[in-house]
Amino acid sequence: MEERYINPHTDFGFKRLFGSEFNKELLISFLNAMFHGEQVVEDVTYLNSEQLGDRVDERRAVFDVYCINERGEKFIVEMQNIYQEFFKDRTIYYSTFPIREQAKRGSDWDFHLKSVYTIGLLNFNFAEGLENAKKWHHEVKLMEVDTKEVFYDKLTYVYVEIPKFNKREEELVTMYDKWMYVLRNLSSLMQRPSALQERVFTRLFEQAEISKFNAVELKSYEDSMNAYRDIVNAIKSAEKKKYAEGRAEGRAEGRAESMAEVARAMLAKGMDVAVISEITGLTPNQINSLA
């Protein structure tokens with residue numbers, strides 16, 4: 001493998017850096033940087049990332065990272081590589097699980113809730129109202145339309161468009177800048193940038209160096225990287241085929257065909273239909289019909 005450091009957009013890479021108890025200081029640092037000090041996380045406890053509905057027939061949710069801080073506030077953090085037509089719907093649906101988990105049985109519960117944060121790290125430029133926005137960080141809360149004031153501050157959605165972050169190393173100022181630079185460029189770096197001298201980045205580059213992996217870790221990363229490349233290639237092929245004319249019909253067909261190509265590639269890798277459904281937004285029946 002030519003890269004020195006892992007690609008954080010892969011499932012293995014993202015969970016190694018942000019989804020393990022051993023490296024939780026990386027997640028804490030990123031969350032605090034993202035909230036610019038407005039939300040200070042001192043510690044996190046990882047929770048079961050697979051969430052089941054109240055009934056057997058309800059759809060499940062599998063989060064990339066799911067954790068709770070020392071104040072009982074919950075965070076869902078997702079790395080999303082593929083555009084989905086109903087991605088906003090998906091994030092809203094995901095946020096219902098940590099809300100419902102807080103319900104207490106019995107008559108004494110007064111409906112008091114702790115804050116829930118749903119964070120989408122997007123490896124594409126978002127659509128549906130944000131495609132023309134120049135900012136790469138979008139924070140969404142419930143708002144009173146007339147006054148433009150926040151109506152409810154305990155439910156927060158953060159969407160981060162990684163491709164829109166284009167600062168060079170010499171332009172990095174804040175910790176958030178530095179973390180975004182890592183998310184955008186880590187796999188293409190051959191050495192640690194001089195701008196990233198904080199202790200937390202010492203830990204990150206140690207954990208991200210591929211040459212330090214054992215045989216099992218290296219095999220897992222290679223498999224994850226191959227799956228990521230298959231997805232990227234499938235998307236590019238579908239876009240090249242369907243987007244050429246630039247018509248609205250072509251764009252719609254292109255998205256559908258793109259998801260189908262991605263699903264086929266993932267099926268060929270032996271991935272679980274339920275996981276493919278979560279990633280592509282296709283139904284299990286649609287996926288099975290592609291086999």
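1. Buried here means under 20% relative accessible area, exposed over 50%, and partly exposed in between, with a 1.4 Å probe and protein chains only. By that criterion, Phe 12, Gly 13, Phe 14, Arg 16, Leu 17 and Phe 18 of helix H1 are buried. Helices (H or I, at least four residues) and strands (E, at least two) are DSSP runs, numbered from the N terminus.

2. This is a predicted model, in which local features need pLDDT of at least 70 and side-chain atom pairs count only at pLDDT 80 or more, while totals for chains, interfaces and linings use all residues. Residues are numbered from 1 along each chain as its sequence is written, and side-chain values use heavy atoms, with hydrogens and water left out.

3. Helix H2 (residues 24-34) is mostly covered, with 9 of its 11 residues buried. The buried positions are Lys 24, Leu 26, Leu 27, Ile 28, Ser 29, Phe 30, Leu 31, Ala 33 and Met 34. After H2 comes His 36, which has a positive phi near 50°.

4. H2 packs against helix H4 (residues 175-185): their axes come within 8 Å and cross at roughly 125°. That angle makes H2 oblique to H4. Axes are lines fitted to C-alpha atoms, for helices over the stretch in contact, and angles run from 0 to 180 degrees between N-to-C directions. Angles under 35 degrees count as roughly parallel, over 145 as roughly antiparallel, 65 to 115 as roughly perpendicular, and the rest as oblique. On the H2 side, Leu 26, Ser 29, Phe 30, Ala 33 and Met 34 meet Met 175, Tyr 176, Trp 179 and Leu 183 of H4, contact being heavy atoms within 4.5 Å.

5. H2 also meets helix H5 (residues 199-208), where the axes come within 10 Å and cross at roughly 130°. H2 is therefore oblique to H5. The residues in contact are Glu 25, Leu 26 and Ser 29 in H2 and Arg 199, Val 200, Arg 203 and Leu 204 in H5.

6. Strand S5 (residues 74-80) has 7 of its 7 residues buried, so the strand is largely enclosed by the rest of the structure. Lys 74, Ile 76, Glu 78 and Gln 80 point one way from S5, whereas Phe 75, Val 77 and Met 79 point the other way.

7. On one pairing of S5, strand S4 (residues 65-69) joins it in the antiparallel sense over 4 bridges; two strands pair if DSSP finds at least two bridges between them. Val 65 stands opposite Val 77. S4 and S5 form a hairpin with 4 residues between them, and Gly 72 in the turn has a positive phi of about 85°.

8. S5 also pairs with strand S6 (residues 116-122), in the parallel sense over 7 bridges, and Lys 74 lies opposite Val 116. Together with helix H3 (residues 87-100), S5 and S6 make a right-handed β-α-β unit. Right-handed means that, with the strands pointing away from the viewer, the path from the first strand over the helix to the second runs clockwise.

9. S6 runs parallel to strand S8 (residues 149-161), joined by 7 bridges, with Thr 156 as the bridge partner of Tyr 117. Strand S7 (residues 137-144) is antiparallel to S8, again with 7 bridges, and His 137 is partnered by Val 160. The S7–S8 hairpin has 4 residues between its strands, with Lys 148 in the turn at a positive phi of about 65°.
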